Amino acid sequence: MKRLGPPQMGTRPVATPIQPSVVYAADGPDHLDDLYEGRAEGFTYSREGHPNATTVAAMIDAMEGATGGVMTSSGMSAVGMAVLAVARAGDHVLGGDQLYGRSLRMLGVELPRLGIETSQFDPTDIASAEAALRPETRAILVEVVSNPTLRVADMEGLTALCRDRGIALIVDNTFTTPRAYRPFDHGADLVVHSVTKLLAGHSDAMLGYVAARDPEVGARLVDAATTWGVTASPFDCWLAERGMLSFDLRFARTTETARRLAAALDAHPAVTRCVYPGLSSHPDHDRAQALLGAATGNMVSFEIAGGRRESAALVAAMGDVAFAPTLGDINTTLSHAATSSHRKMTHDQRVALGMGEGFFRVSVGVEEADGLIATFAAALDQVRGGG
Ligand SMILES: *Cc1c(COP(=O)(O)O)cnc(C)c1O
């Protein structure tokens, strides 16, 4: 069978079409030369770029105040490309001590295999960063709000430190999103997203984004992502674009519900501790106010007394709320550090980090708020009543 191609149309689609084509035909050798040398607009081979990646990257670029951001196959490949774009064998990379689990594994296992030394520091304490610096420190990787303890990094101190020492500051902005914090506005050098989470927002696209402030570093990012082959698929980009069209609405609604849920959990007798950057009891409340303003986000953590019996009873009583180790879904999800993100640690190590057996994290979704808060209250009543 011979390909007939799309029909000729006098109208244009309102929704962005998916363009799964891996290859693009050029007019001839001169045209291909122009395409590869950047003198003509167009695509050649989808690992090097395709329309759906361009569309969604432009949306995130606009949100972040970035240019030339690259779509990657996952948040983790975006983290990897960010580090590889600025560090090489012999360099040292410093990472926050409560980074996303796989980012910690990249620092602990993968980067050392490439000859890149790494160590960790406490991003809420600038003295801890200063003490960990080495002459060969090339980059600092940090998340603005840590997971699942929701501590807020000293971004002002870290940005100043990196500027003074000529160190690249890489900000994983997945949790905060550009609606709460725009790293480039504050002087960061690279921004990373797991688009899989809040930006795409529907748990159906696996995708990352990485951008650099310096165009030379940006060019290295494009080259590294294309060469390592971690660029994104058209279908995931298409789904992410669709999800992102409602991002602002979802963010506003889930933040408002999270604020209300945090207050309700804080007041519930079965909850021993509720952690939310918008609560005045939060250890970094002032810093959260200064950095994030009212955009305190959709993530709430809390702790109940007891052991596995109580934590299992709470999950069982939560009805439709999915017990799933992810965040940023359109619906509310509940996760449990002890059996998911931090299962490799010992109980004592987790307790030292403030996340014992009864510690839960909620990623608040767009459900109707009163019903959601009532579901939590009823489940907690049941646990407290021993039911
Ligand atoms: C999920 C996550 C990642 C990894 O993203 P994937 O898309 O799952 O590869 C990186 N950083 C943070 C903060 C995350 O939450």
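Biologist: Where does L353 lie?
Modeller: L353 lies in the loop that runs between α12 (347-352) and β12 (359-363). Please note that this is a predicted model.

Biologist: Which residues does L353 touch?
Modeller: Leaving out residues up to four places away in sequence, L353 touches Q98, T149 and M345.

Biologist: How far apart are L353 and P148?
Modeller: In sequence, L353 and P148 are 205 residues apart, while their C-alpha atoms are 9.9 Å apart in space.

Biologist: And where is P148 found?
Modeller: P148 is found in the loop between β4 and α6.

Biologist: What kind of peptide bond joins N147 and P148?
Modeller: The bond between N147 and P148 is cis, with omega at about 0°. As background, most peptide bonds are trans, and most residues other than glycine have a negative phi.

Biologist: On that subject, what is the phi of T177?
Modeller: Phi of T177 is near 65°, which is a positive value in a residue other than glycine. T177 lies in the loop between β5 and β6. T177 counts as buried because its relative accessibility is 0%.

Biologist: And what about the phi of S203?
Modeller: S203, also a residue other than glycine, has a positive phi near 50°. The loop between β6 and β7 (208-212) holds S203. With a relative accessible area of 45%, S203 is partly exposed.

Biologist: Changing topic: how many salt bridges are there in the whole structure?
Modeller: A search of the whole structure gives 12 salt bridges. One of them joins D284 and R151, whose closest N and O atoms are 2.7 Å apart. This pair links distant parts of the chain, 133 residues apart. D284 is in the loop between β8 (271-275) and α10 (285-292), and R151 is in the loop between β4 (137-143) and α6 (155-165).

Biologist: Is D284 buried or exposed?
Modeller: D284 is buried, as its relative accessible area is 7%.

Biologist: Which residue forms a salt bridge with D248?
Modeller: D248 forms a salt bridge with R179, and the closest N and O atoms are 2.5 Å apart. This pair, too, links distant parts of the chain: D248 is in helix α9 (residues 247-267) and R179 is in the loop between β5 (168-172) and β6 (190-194), 69 residues apart. D248 is partly exposed at a relative accessible area of 41%, and R179 counts as partly exposed at 38% relative accessibility.

Biologist: What does R309 form with E310?
Modeller: R309 forms a salt bridge with E310, with the closest N and O atoms 3.5 Å apart. R309 counts as exposed because its relative accessibility is 62%.

Biologist: Now the rings. How many aromatic pairs does the structure hold?
Modeller: The structure holds five aromatic pairs. Among them is the stacked pair of F235 and W238, at 6.2 Å centre to centre and 15° between the planes.

Biologist: Why is the pair of F235 and W238 called stacked?
Modeller: The angle between the planes of F235 and W238 is 15°, and planes under 30 degrees apart count as stacked, so the pair falls in that class.

Biologist: Where do F235 and W238 lie?
Modeller: Both lie in helix α8 (residues 234-244), three residues apart, which is about one turn of the helix. F235 is partly exposed, with a relative accessible area of 46%. W238 is partly exposed as well, with a value of 23%.

Biologist: Which residues do ring pairs link into a cluster?
Modeller: Ring pairs link F302, F360 and F376 into a cluster.

Biologist: Last topic: which residues touch the most other members of the largest nonpolar core?
Modeller: That core has 55 residues, and M71, I140, V144, M155, L169, V195 and L292 touch the most other members. Helix α2 (residues 51-64) gives the most to this core, with five residues. A second, separate core of 28 residues includes L99, L107, V192 and V217.

Biologist: Which residues is L292 in contact with?
Modeller: Apart from neighbours within four places in sequence, L292 is in contact with V144, V145, T176, A180 and Y181.

Key:
Residues numbered from 1 in each chain as written. Predicted model: local features only at pLDDT ≥ 70, side-chain atom pairs only at ≥ 80, totals over all residues. Heavy atoms only, no water. Core = buried A, V, L, I, M, F, W, Y, C linked by side-chain atoms within 4.5 Å. Buried < 20%, exposed > 50% of the residue type's maximum accessible area, 1.4 Å probe, protein only. Helix = DSSP H or I, 4+ residues; strand = E, 2+ residues; numbered from the N terminus. Contact = heavy atoms within 4.5 Å. Salt bridge = Lys/Arg side-chain N within 4 Å of Asp/Glu carboxyl O. Phe/Tyr/Trp six-rings, centres within 6.5 Å; stacked < 30°, edge-to-face > 60°.
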